[in-house]
Amino acid sequence: MNHDLPTIGPGEFVTQLGENGKEDAWFILVLPDSTDEQSAAVRLAEEIHDTLGLPTAFVNGTPGPEELVIRLHQAGTKAALIYGAKAYIDAEWRHLDLLRKQLEGGGIKALLLTASAAEQMQRFAPHLSSFVGAAIWQLNEEADYLAPEEVAERLSVLRSTWQKDDDAILEMAKAKTLPPDPEFAQWLLLLGRGDLL
Amino acid sequence: MNGANQDPSTARLSRSLALQGRICDPLPLIQSDNPKRLLRQIQNYLVDASNERKLITSPGEIFQLVKLLPPKKRDEFLLEGADKNELHDPNRPKIEREDGCWFHFFIIGTAAPERSKLLLLGYHFEMYVPDENRFFRYDLNSPTGEARENVDKGMRSHLHLNAEDVQLPAPAMTPFELLDFFVYGFLPRNQDRRRIGGHQGS
């Protein structure tokens, strides 16, 4: 089912936290298996601070569900990023499901998981899953950047607009004969030749 | 100074450069310390405008349309808001206002290591008014290398008005001054009101 999860960039995710995380809201963010969740949490906390102006608590749930609940209550902030639950075994998810009443209250809570942990949660913590509802996404940390095909498309438009190819632009840049329009500076950057600006 | 001995073309160039000095020297600093933060500020600005219904483009689309070129090891950055949409195809994804006008932009800057603010190198902010098939575009040309030609003419910062070959001097602005104008400030005058008191009547 995780292949069907919508993807989201960090900026849009934080916007979702701000718009839908008024009082007591849970969000689940599925990270790629290769992502270090602690450093991802630090990056998200910076985003939350910059965009929402909220301090963020980091809650490490690695020791188990009970400790997760205690640490979450101790944190007592308006935004908490919870990690360490990805290693939970089935019984720990069932346990967390039973503790769900104690997870209520206290503002925005974002739980960082891997795809397989999110599947486990859905199977073994159904009440908690239903509480989260649709607030579950896969994180795409590349969402802020033009994809290679977008770069290729922009270059193609520049070539047809100006009726020149990339080599001609590079030659003109080296010879300092390129027209001054900002589109030529854009062209050089899209070619990875910011050194010729 | 413009002495009596100066030949007219030199005097014109001096005036042109003095004008350029007034309108784009010094260039405004970008009030962000890195490109990613600038990206987020611009995305959030546009998302707020969408939530206010000033833009009909949704917040989700804004995050899809406003992006950075993947960073290289150099300090220059390119930040884009939608693509050029040169044929003005209304079906392409775009940043669209409540009145149907749409715009695209890109910003070129550099993260100068010795400064806490980003430096602006160039930009391109174009508005398209579909009902009347008109456009205008604020351009800031690159200051270095090949851009000398226009810089020397005093036209580094200029406005295109409905034609690529029409360039009018324009003030250099920060990205947010431009966005203020593109999202909130620019209001095409109502055609009927424009004619009141005019020779066409209504």
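**Largest cavity**

I looked up the lining of the largest cavity by class: 5 nonpolar, 3 polar and 5 charged residues. Ala, Val, Leu, Ile, Met, Phe, Trp, Tyr, Cys and Pro count as nonpolar, Asp, Glu, Lys and Arg as charged, and the others, Gly among them, as polar. The model is predicted: local features need pLDDT of at least 70, side-chain atom pairs count only at pLDDT 80 or more, and totals for chains, interfaces and linings use all residues. Residues are numbered from 1 along each chain as its sequence is written, chains are lettered from A and ligands numbered from 1 in the order in which they are written, and side-chain values use heavy atoms, with hydrogens and water left out.

I searched the whole structure and found 3 cavities of 30 Å³ or more. A cavity is a set of points, on a 1 Å grid over the protein atoms alone, where a 1.4 Å probe fits but cannot get out; lining residues have an atom within 4 Å of a point. Grid points are joined across faces, edges and corners, and a volume is the space filled by probe spheres set on the points.

The largest cavity holds about 120 Å³ of space. I counted 13 lining residues; nearest the centre lie Arg154(A), Glu183(A), Gln186(A), Asp83(B) and Lys84(B). Two or more lining residues come from each of H7 and H9 of chain A and strand S4 (102-110) of chain B. Helices (H or I, at least four residues) and strands (E, at least two) are DSSP runs, numbered from the N terminus.

**Second largest cavity**

This one holds about 50 Å³. Its lining includes Asp83(B), Lys84(B), His88(B), Trp102(B), His104(B) and Tyr128(B). S4 and strand S5 (119-129) of chain B each give two or more residues. S4(B) gives the largest share, 3 residues. By class I noted 3 nonpolar, 3 polar and 4 charged.

**H7 with H9, chain A**

Next I checked helix pairs. H7(A) (residues 148-162) and H9(A) (residues 182-190) have axes that come within 10 Å and cross at roughly 140 degrees. H7(A) is therefore oblique to H9(A). Angles under 35 degrees count as roughly parallel, over 145 as roughly antiparallel, 65 to 115 as roughly perpendicular and the rest as oblique. Axes are lines fitted to C-alpha atoms, for helices over the stretch in contact, and angles run from 0 to 180 degrees between N-to-C directions.

On the H7(A) side, the contact (heavy atoms within 4.5 Å) includes Arg154(A), Leu158(A) and Trp162(A). On the H9(A) side, Glu183(A), Gln186(A) and Trp187(A) are among the residues.

**H8 with H9, chain A**

H8(A) (residues 166-174) and H9(A) have axes that come within 11 Å and cross at roughly 110 degrees. The two helices are therefore roughly perpendicular. Asp166(A), Ile169(A), Leu170(A) and Ala173(A) of H8(A) meet Phe184(A), Trp187(A) and Leu188(A) of H9(A). The class count is 6 nonpolar, no polar and 1 charged.

**H4 with H5, chain A**

H4(A) (residues 90-98) packs on H5(A) (residues 115-124) at about 55 degrees, with the axes 9 Å apart. H4(A) is therefore oblique to H5(A). From H4(A), Asp90(A), Trp93(A), Arg94(A) and Asp97(A) meet Ala117(A), Gln120(A), Met121(A) and Phe124(A) of H5(A). I sorted this contact into 4 nonpolar, 1 polar and 3 charged residues.

Key
On a 1 Å grid over the protein atoms alone, a cavity is a set of points where a 1.4 Å probe fits but cannot get out, and a pocket is an open set with protein on both sides within 12 Å along at least five of seven lines; lining residues have an atom within 4 Å of a point.
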